[in-house]
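Dear colleague,

Please find below the structure that I am handing over to you.

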Amino acid sequence: MKYHPSPSRFARFIDGLYSMGFWFRLSGFCIFLGLLVVQDELRHAVFGLLRDGIVNLMGP
């Protein structure tokens, strides 16, 4: 059985910041998806940008 020392307070702090950042990004993404469903103008703007980008990637 290996000995695993308990993580320091700094390591636990960094781990907490990382997990908080993950949930912050996830909630922001979910809010953005909700706005895409509700807001017609935002949806048209985002999909217009995506369409223009795909057209530019395909070339003339």
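A salt bridge is counted where a side-chain nitrogen of Lys or Arg lies within 4 Å of a carboxyl oxygen of Asp or Glu. By this criterion the structure holds 2 salt bridges.

Before the details, a word on the source. The model is predicted, so local features need pLDDT of at least 70 and side-chain atom pairs count only at pLDDT 80 or more, while totals for chains, interfaces and linings use all residues. Residues are numbered from 1 along each chain as its sequence is written, and side-chain values use heavy atoms, with hydrogens and water left out.

Overall form

The protein has 2 helices and 0 strands (DSSP runs numbered from the N terminus, with H or I of at least four residues for helices and E of at least two for strands). Its radius of gyration is 21 Å, well over the 10 Å that the globule rule gives for 60 residues, so the protein is more spread out than a compact globule. That radius is taken over C-alpha atoms, and the globule rule is 2.2 Å times the number of residues to the power 0.38. The C-alpha trace spans about 60 × 30 × 20 Å along its principal axes.

Of the 60 residues, 3% are buried (buried means under 20% relative accessible area, exposed over 50%, and partly exposed in between, with a 1.4 Å probe and protein chains only). The protein exposes about 5,900 Å², of which carbon and sulfur atoms supply 71%. Accessible areas come from the Shrake-Rupley method with a 1.4 Å probe; for residues, only the protein chains shown count as cover.

Salt bridges

The side chains of Arg43 and Asp40 meet in a salt bridge at 2.3 Å, N to O. These two residues stand 3 residues apart in helix α2 (residues 40–58), which means about one helical turn separates them. Arg43 is partly exposed at 25% relative accessibility, and Asp40 is partly exposed at 44%.

Arg51 and Asp52 also join their side chains in a salt bridge, at 4.0 Å, N to O. Here Arg51 counts as exposed, at 52% relative accessibility, whereas Asp52 is partly exposed at 40%.

Leu17 lies in helix α1 (residues 9–38) and is partly exposed, with a relative accessible area of 39%.

Ser8 is found in the segment before α1 and is partly exposed at 42% relative accessibility. Ser27 is placed in helix α1 and is partly exposed, at 34% relative accessible area. From Ser27 to Val46 the separation is 19 residues in sequence and 19 Å in space, C-alpha to C-alpha.

With kind regards
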